[in-house]
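Dear colleague,

I am handing over the structure we spoke about, and I would be glad if you kept it open while you read the notes that follow.

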Amino acid sequence: MPAEYIGGDQTTVDAYNQRLRERGIDRFDEAMHQAKVALAALEPFFKVSGDIDRWEITELDAARMLEEMNRAR
C-alpha cells in the first residue's frame, strides 16, 4: 500500500504492508480450509478426483472438481 494512503513514517508503512500480506495469507488459508471441509462433507455422496489434502486447491483443480460435480447432478 502506498505510504500516502497509510500516513506515518516508513516503519509504520512497512509494518502495515507486512500485516496486509499476512492477512492475505490468513484469508487464503481459511478459504482453503473451508473448501476442504465442504468437499469432505460431500464425500459420502460424491467424491471428487484429486487430493484435497494437499496444501492448495489450484484454480485448475477447482474447475475440474466443479465440472465433475455438475456432471454428477
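**The helix α2**

Helix α2, which covers residues 10–42, has 33 residues and reaches 48 Å from its first C-alpha to its last, which is close to the 48 Å expected at 1.5 Å a residue. Please bear in mind that this is a predicted model.

Which residues of α2 are buried? They are Val13, Asn17, Met32, Lys36 and Leu39, and these buried residues pack against α1 (3–6) and α3 (59–72). Asn17, which lies in helix α2, counts as buried because its relative accessible area is 13%, under the 20% cut-off. Leaving aside residues up to four places away in sequence, Asn17 touches Met1 and Ile6.

Asp14 also lies in helix α2, but it counts as partly exposed, because its relative accessibility is 41% and that falls between the cut-offs of 20% and 50%. The C-alpha atoms of Asp14 and Val48, which are 34 residues apart along the chain, are separated by 42 Å.

**The salt bridges**

Side chains of opposite charge can pair when their charged atoms come close. How many salt bridges are counted in this model? The count comes to seven, and I describe some of them here.

Asp61 forms a salt bridge with Arg54, with the closest N and O atoms 2.3 Å apart. Asp61 is buried, at 11% relative accessibility, whereas Arg54 is partly exposed, at 37%. Asp61 also forms a salt bridge with Arg64, where the closest N and O atoms are 3.1 Å apart. Both Arg64 and Asp61 lie in helix α3, three residues apart, which is about one turn of the helix; Arg64 is partly exposed, with a relative accessible area of 30%.

A further salt bridge joins the side chains of Arg71 and Glu67, at 3.8 Å from N to O. Because Arg71 and Glu67 are four residues apart in helix α3, about one helical turn separates them. An α-helix has 3.6 residues a turn, so residues three or four places apart point the same way. Arg71 is exposed, with a relative accessible area of 59%, while Glu67 is partly exposed, with 40%.

Terms used
Residues numbered from 1 in each chain as written. Predicted model: local features only at pLDDT ≥ 70, side-chain atom pairs only at ≥ 80, totals over all residues. Heavy atoms only, no water. Helix = DSSP H or I, 4+ residues; strand = E, 2+ residues; numbered from the N terminus. Expected span 1.5 Å × (residues − 1). Buried < 20%, exposed > 50% of the residue type's maximum accessible area, 1.4 Å probe, protein only. Contact = heavy atoms within 4.5 Å. Salt bridge = Lys/Arg side-chain N within 4 Å of Asp/Glu carboxyl O.
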